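My notes follow, in the order I made them.

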Amino acid sequence: MSTTASDPLAALGALPGVADAVDSVRKAVDRVYGHRVMRRRSNEVTAEAALRGARGSAALSGADWNLEEVRRRTDFSGEDEARTIGAALRLTAEAGQLLSIWRQSPLRVLARLHLVAAGGATPDDAVGRPRLPGEPVDEPLIEAPVPDADEVAGRLEGLSQLIIAGSEAPALVTASIVHGELLALRPFGSHNGLVARTAERIVLIGSGLDPKSICPAEVGHAEQGRAAYVAGFEGYLSGKPEGMAAWIAHCGRSVELGTRESTAVCEALQRGAA
């Protein structure tokens with residue numbers, strides 16, 4: 001594994017504790033992919049993982065609905081929480097359609113994700129583009145200072161170049177950094193948390209770690225709780241090696257909890273209970 005300045009993501013993979021997190025995630029993913037139900041009914045597991053992942057991501061953005069309510073509901077207009085759930089569901093559905101574009105044009109994908117999330121709830125001229133100087137940011141949960149528009153533009157370009165260049169870093173590391181950087185920048189006027197978690201999903205799928213999208217990290221982020229999510233993110237914001245490692249480990253644990261959720265779905269399908 002390269003740890004040179006030309007591959008900073010790989011360097012993060014060498015931080016103390018990160019290799020253990022990567023190994024633990026790989027073993028968890030391998031176990032659920034090896035479940036006998038996956039040989040015959042993987043599409044059902046994927047669909048259920050998408051639903052549960054969307055519910056988890058929405059919960060972190062302030063819409064903590066019961067899974068069965070999300071499953072039952074058909075109208076996601078109206079109140080703020082319903083719109084948040086609807087945005088999360090749309091993003092989860094869209095993620096798989098953008099894999100081929102992500103490696104060539106991640107900024108284009110992020111713009112598309114914001115457009116999908118906004119769904120007409122944001123003024124047209126603010127949809128699908130990074131915010132301009134002076135434009136406000138409405139982002140539940142994350143209260144860290146918001147970088148100005150010039151810094152956002154520069155750091156987005158840097159993130160884009162890292163993705164396009166590729167890396168020897170494990171998928172977990174890349175996904176965690178994409179997630180953390182988008183939370184830190186909050187590049188759009190709204191829906192940044194939802195977009196950041198969807199981008200994490202795209203990296204995990206596109207890297208080959210979770211090609212069938214059955215390991216919803218969003219479930220694990222929600223299960224660990226909003227306080228743990230914020231604490232992990234503060235580690236990322238610190239920029240210190242131990243903080244970055246803690247954030248990557250937090251994201252790794254989230255993936256593991258997502259695999260546990262899908263394993264439970266596999267078991268239910270096997271019993272004929274789902």
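**Salt bridges, page one**

I started with Arg 72, which forms a salt bridge with Glu 69, the closest N and O atoms being 2.7 Å apart. For the record, my salt bridge is a side-chain nitrogen of Lys or Arg within 4 Å of a carboxyl oxygen of Asp or Glu.

Before going on, I noted that this is a predicted model, where local features need pLDDT of at least 70, side-chain atom pairs count only at pLDDT 80 or more, and totals for chains, interfaces and linings use all residues. I also noted that residues are numbered from 1 along each chain as its sequence is written, and that side-chain values use heavy atoms, with hydrogens and water left out.

Where do Arg 72 and Glu 69 lie? I found both in helix H4 (residues 67–72), 3 residues apart, about one turn of the helix. Helices here are DSSP runs of H or I, at least four residues, numbered from the N terminus.

Next I checked accessibility, with a 1.4 Å probe and protein chains only: buried is under 20% relative accessible area, exposed over 50%, partly exposed in between. Arg 72 is exposed at 55%, while Glu 69 is partly exposed at 24%.

Glu 69 has another entry: Arg 73 forms a salt bridge with Glu 69, at 3.4 Å between the closest N and O atoms.

Then I turned to helix H2 (residues 18–33), where Asp 30 and Arg 26 sit 4 residues apart, about one turn of the helix. Their side chains meet in a salt bridge at 3.2 Å, N to O. Asp 30 is partly exposed at 43%, and Arg 26 is partly exposed at 35%.

Last, I logged a network of salt bridges linking Glu 48, Arg 52, Glu 68, Arg 71 and Glu 261. My search of the whole structure finds 19 salt bridges.

Conventions
Helices (H or I, at least four residues) and strands (E, at least two) are DSSP runs, numbered from the N terminus.
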